[in-house]
Amino acid sequence: MNVEITLKDDSKRGTLPKDENTLGFGRIFTDHMFIHEFKEGMWQNPKIEPYRNLSLSPAALVLHYAQEIFEGMKAFHQQNNKGVSLFRPELNAQRMVDSAIRMDMAPYPIDYFLEALQKLVGIERKWVPSLVGTSLYIRPTMIASQEALGLKSSKEYLFYVILTPVGPYFSEGFKPIKIFVEPFFVRAVLGGTGEAKTGGNYSSSLLALKKAFDAGCSQVMWLDAIEHKYIEEVGTMNQFFVLDEVIYTAPLTGTVLRGVTRESVIQLAKDQGYKVKEEALSIDQVIEGIHSGNLSEAFGAGTAASIAPVGELFYKDKKYHINSLNVGPITQKLYDLLTGIQYGRIQDPYGWNVPIK
Ligand SMILES: *Cc1c(COP(=O)(O)O)cnc(C)c1O
């Protein structure tokens, strides 16, 4: 891929804040972006250029029918060799292809995806923060850009990548979060788009998220759409429970997002000798386990938060505390292993880290 690179004047470039603790999540963006157009059946004009607003027709299909997909991944400052590494980027590239197929968009080639990230993150290397818990969040996005109001798949797309240096996703840091279990609204049904990272899945979740915030919780836990009983996942994370010493997470049956962190956590847990079952627990089983004490830990897993311990469930106006609002030993162990590999604190036996050249 022949990328045309236009760099911003040195004098106009931004910098990381002096205190990386103040980064927050997705509030400032780096100096450059990658952009690639799909037109006349071909990907053309790949460019890296100064970060800018897009210019779109007000009739662009994405603005009306939400033909849009995205990815979320991170570049980590390596504590051993001071380099920068991506974490399993080929899985995000593949998932973006899968999302594109589900939304009937032009799949973005995996080799272009990986090359675009290498080039863009390479140029923006100095934007990768180094404080513990910080990283450079990467947002590959694809939108239907054709000017047309008739309901059909776009013939034109824009693929672009923007970067934002981030601190911890939850302002609480690595402390147990409170989760709102949604009894009525649903996120995904079999045959729907739950497995795709597509904007509409998130806009339709916002009303429930508001209910969650009003109840003092930071995310929504979704139950299955048929019986409102089985736990599927949490807002932007896959959900795990430790019940009777077994680690449970919902299976990938089409309604749950195929998380890269989920897959990594399952592998790490198995290699630590834990028993892992990809089986959905019902909310009743979870509440029963909390009461009996057999449900010892709960945590969410996703790129944005890595591993987030869950300390409280709020379900039908009742609060249930897990492990007395403490971080459990398995959650802590998996967090240490996962972030240890991501930040180059411990050796990566899996080859998950892909260095930026
Ligand atoms: C992105 C996302 C996840 C986590 O996926 P990762 O690849 O681990 O970041 C889980 N659930 C939903 C709904 C998501 O959007």
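One salt bridge is counted between domain 1 and domain 2, where a salt bridge is a side-chain nitrogen of Lys or Arg within 4 Å of a carboxyl oxygen of Asp or Glu. Glu-263 forms a salt bridge with Arg-88, with 3.7 Å between the closest N and O atoms. The model is predicted: local features need pLDDT of at least 70, side-chain atom pairs count only at pLDDT 80 or more, and totals for chains, interfaces and linings use all residues. Residues are numbered from 1 along each chain as its sequence is written, and side-chain values use heavy atoms, without hydrogens and water.

**Polar contacts and elements**
- Eleven residue pairs, both at pLDDT 80 or more, are in polar contact between domain 1 and domain 2 (N or O atoms within 3.5 Å; within protein, one must be able to donate a hydrogen and the other to accept it, and residues adjacent in sequence count only if both atoms are side-chain atoms).
- On the side of domain 1 that touches domain 2, two or more residues each come from β4 (68–70), β5 (73–77) and α2 (89–102) (DSSP runs numbered from the N terminus: helices H or I, at least four residues; strands E, at least two).
- The largest share of this side, five residues, comes from α2.

**Domains and buried area**
- Domain 1 spans 4–166 and domain 2 spans 177–342, with bounds from an automatic or database domain assignment.
- The two domains bury about 1700 Å² between them, 58% of it on carbon and sulfur atoms (accessible area, 1.4 Å probe, that two parts lose on being put together, summed over both).
- Phe-70, Phe-87 and Arg-95 supply 35% of the area that domain 1 buries against domain 2, more than any other three residues.
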